Amino acid sequence: MTPLLGREAELRAAFSRLASGQSAAIVGEPDTGKSLLLAQLARAEVSAEWLPHPERLAVFILDGRRLPANFTAATFWQSVFTTLRAEAPPAIRVEATQFAKTGDYGAFALERFFRQMGRSGLRVALLVDHFGHFLSHLLTPPATSAGELLGTLRSLSSRSGGLSLIVAARRRVSELNQQTAQLNPRGSPYFNTLQEIRLGAFERGEARKILEASFDSSIAQTVWTVTGRHPFLISLAVQARPSSVELSTLLTSLAPRADEHFKIAFGFLGGLAPTLLSLLGGKRLPRPPAPGDVEDLIWRGWLDRDSDGILRPASLLLARWLETSHALNLH
Amino acid sequence: MSNPFLPFTPAFGPDFVNRDAEIKAVFERIAKRGNTAIVGNPHVGKTSLLHHVATPHVFAAHTPNPEQYAIVEIDFQLFGESKTRHDFWRELIAQAVESNPAIAAPLKPLLKKKEVDEQALFRAFQKVGRAEGCVVAFVDEFDHLFNLPAFRTLDFLGALRAITMKSKGLCLITASRLSVAQMNALGEEYKVATRGSDLFNYLDELTLGCFDEASVRTWLKNHLPPEAVDEALLLAGHHPLLVQLAGDALFDAVERGVQPPGYPALRDALIHRAESQFQDVWKYLSSKAQIALIIFALRDLRGGAGGQTFNLEKAEQTLLWYGSEVKEMARRGTLETATGGYRIGSVAFHLWLVEQKIVGTRGDEPQEAFTQWLHNKQFKLGGLITNEEIAWLQKVWKVIPTNIIDLAKKALLPNALQ
């Protein structure tokens, strides 16, 4: 498995939410480390470092891309309890086994169970990776149990004290709410109790630290020029383990996968960001409009600002992609 | 010391603060067998208040004869597509029996039936009432019922109304975003309402707004140094969620050794964290309220942006046209009272309004408008920027007030802003 690079602050934020029984959405563009971060939350040896009482927490992780065709609210809860009975810490396993014997996975039975868990200081953390896929699957017609499952998840994770929900998604919470607004146009949106933990580009210092730990200093400098602070590009370089300081060689070897990434990630940019990047076309921009979107692109690791305030693509890989694939001819 | 701020999570148990007046009001109404609709904006504390007053020891502390009551807590979001009104009544009765078997005894036989007959229900609650007992049902997310065809029916809503109004054995305390008037209007829309009577007129509305200054300051002082308290109040105003968010960010900053000059750098992150909340609040405002809020946002710029000086006396005058919207926003905590009127209490919300809804530099909305603007200006790329573009921001700022006021006068502003 690819190791999680950096992300200590985000990991701290996620464990802090988990420790206090809150729910969260880890959001970011593709390949920024969301799944790896979620996987860290599920690892017992990592939890033991961050949580005061890991033995009182059971973690259930679900991949939203791998849902069975007959997926319903009832089958979902059955699979949760099957896992809890097999893998949860002993105190939770006993409770889950007793509950499963009733065979009642209705919303109110679940509420009683999780409330009781909360009162006993026990908790289940439900981690859903690829939450966008999970939602699409759930919302595919006839979607008979979508509202029931989403409403129950919201209620149990915000009110019972016995369930935390942590999802990883490309879209932001407001967009997830919008996606399900047709199901519940009145009342609270299903995801407004999820706190966002946003995965953007690495901080400059963090990126340097990762590169210096992974490469000789001469190669690290070349990699930095090619990848900038962008998490996916850095991860690509670390996996490629280049042994040459030759810039063009590195650029050519990483470009195919980087281009693929930019193509997908570009579709997830909001506001004026796509227009702005098209205008930039790999060149330098002294003073563009749309300052909010500029800041967002800097945060994502697409752009960087020079000391004199001039904007430029944050990596050679992006500059190359913009020049060759995306620059609009508006002359 | 662990971080005591828990944004986006209802404040239960010792985390619950403030709301003394509202708690008193709810218990006064329960004593008179009156029904209450707790109404408010997203994350203003409806669920927290509802659960707090339903907590047995709090209930007992505020009620002379707590043994006369059975307490029920229901979250309407637990009802999905497959549920019916019978499931609601069965759950309510099951909880009442569990809470106080003696008081709820007349209801217990109904649990044996798969479908609950409304006449039988009425008679059973009447028996509870005649024995001086009362089932108090705290129903959260009450307006979710409008999403469920099985519940927006006269069978359900009519029976609920009749039993709570006439049996004396059931007292209803609801929490919803929708006001009683809005719920009555929806009753009409779904053709549920009976001739001559509003469906929800038995609910006495209690609107939740912001916290008061003294309580917030005292609470923050328990967890933050004085400079951080001031910054939190500046960022959040007195809105419960924003106070939690600002407190959370500042608590973390203080732990990391950030000094007061570094606090303003936290603002951008806070706006991002609160963005879904701001969008949610904005979406629920009427068009007129949105116009009024934009005028407040412009007025509060105080002429400082982009080096331009605004004269917004006209804007202030136009606010007179939106008197009822302004008052409603103040009641719900979107605006706060200030010397001589109202203001946007939170700097974070104000900045979001300016950036998202006035300048339009974040989010999805302005893309088309901006592209159009580029074409209109015959924007040209020569690899570098034109003089026109360099002047863009300043020009926009310069023309905004006139445009906004003109659009507002023509009631076109919401379209222009969405």
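Predicted model: local features only at pLDDT ≥ 70, side-chain atom pairs only at ≥ 80, totals over all residues.
Modeller: Residues are numbered from 1 along each chain as its sequence is written, chains are lettered from A and ligands numbered from 1 in the order in which they are written, and side-chain values use heavy atoms, with hydrogens and water left out.

Colleague: Happy to start with the overall picture: what percentage of the 418 residues in chain B is buried?

Modeller: Chain B has 19 helices and seven strands, where helices (H or I, at least four residues) and strands (E, at least two) are DSSP runs numbered from the N terminus. Buried means under 20% relative accessible area, exposed over 50%, and partly exposed in between, with a 1.4 Å probe and protein chains only. By that cut-off, the buried share of chain B is 56%.

Colleague: Which residue of chain B forms a salt bridge with A:Arg12?

Modeller: The closest N and O atoms of this pair are 3.8 Å apart. The pair crosses between chains, from helix α1 (residues 8-19) of chain A to helix α10 (residues 240-255) of chain B.

Colleague: Are B:Asp280 and B:Arg177 buried or exposed?

Modeller: These two form a salt bridge, with the closest N and O atoms 2.7 Å apart. B:Asp280 lies in helix α11 (residues 267-284) and B:Arg177 in the loop between β4 (170-176) and α7 (180-189) of chain B, so the pair ties together parts that are 103 residues apart in sequence. Both residues are buried.

Colleague: Which residue meets B:Arg19 in a salt bridge?

Modeller: B:Arg19 counts as buried, at 3% relative accessibility. The N to O distance in the pair is 3.8 Å. The partner, buried at 15%, is B:Glu22.

Colleague: Which residues of chain B are in contact with A:Arg172, leaving aside neighbours within four places in sequence?

Modeller: A:Arg172 sits in the loop between β4 (163-169) and α9 (173-179) of chain A, and it is buried at 15% relative accessibility. Contact means heavy atoms within 4.5 Å. In chain A its contacts are A:Val27, A:Glu196 and A:Arg198, and in chain B they are B:His272 and B:Glu275.

Colleague: What is the phi of A:Arg7?

Modeller: Most residues other than glycine have a negative phi. A:Arg7, in the segment before α1 of chain A, is buried with a relative accessible area of 1%. Although A:Arg7 is not a glycine, its phi is positive, at about 70°.

Colleague: How far apart are the C-alpha atoms of B:Ala232 and B:Ser346?

Modeller: B:Ala232 belongs to helix α9 (residues 226-236) of chain B and is buried, with a relative accessible area of 2%. Not counting residues up to four places away in sequence, B:Ala232 touches B:Leu220, B:Leu224, B:Gly237, B:Ala246 and B:Leu250. B:Ser346 is 114 residues away along the chain, yet the C-alpha separation is 9.3 Å.

Colleague: Which parts of chain A do the buried residues of α2(A) pack against?

Modeller: In helix α2 (residues 34-42) of chain A, the buried residues are A:Lys34, A:Leu37, A:Leu38, A:Ala39, A:Gln40 and A:Leu41. They pack against α1, β1 (24-27), α3 (44-50), β2 (57-63), β3 (123-129) and β4.

Note on methods. Salt bridge = Lys/Arg side-chain N within 4 Å of Asp/Glu carboxyl O.
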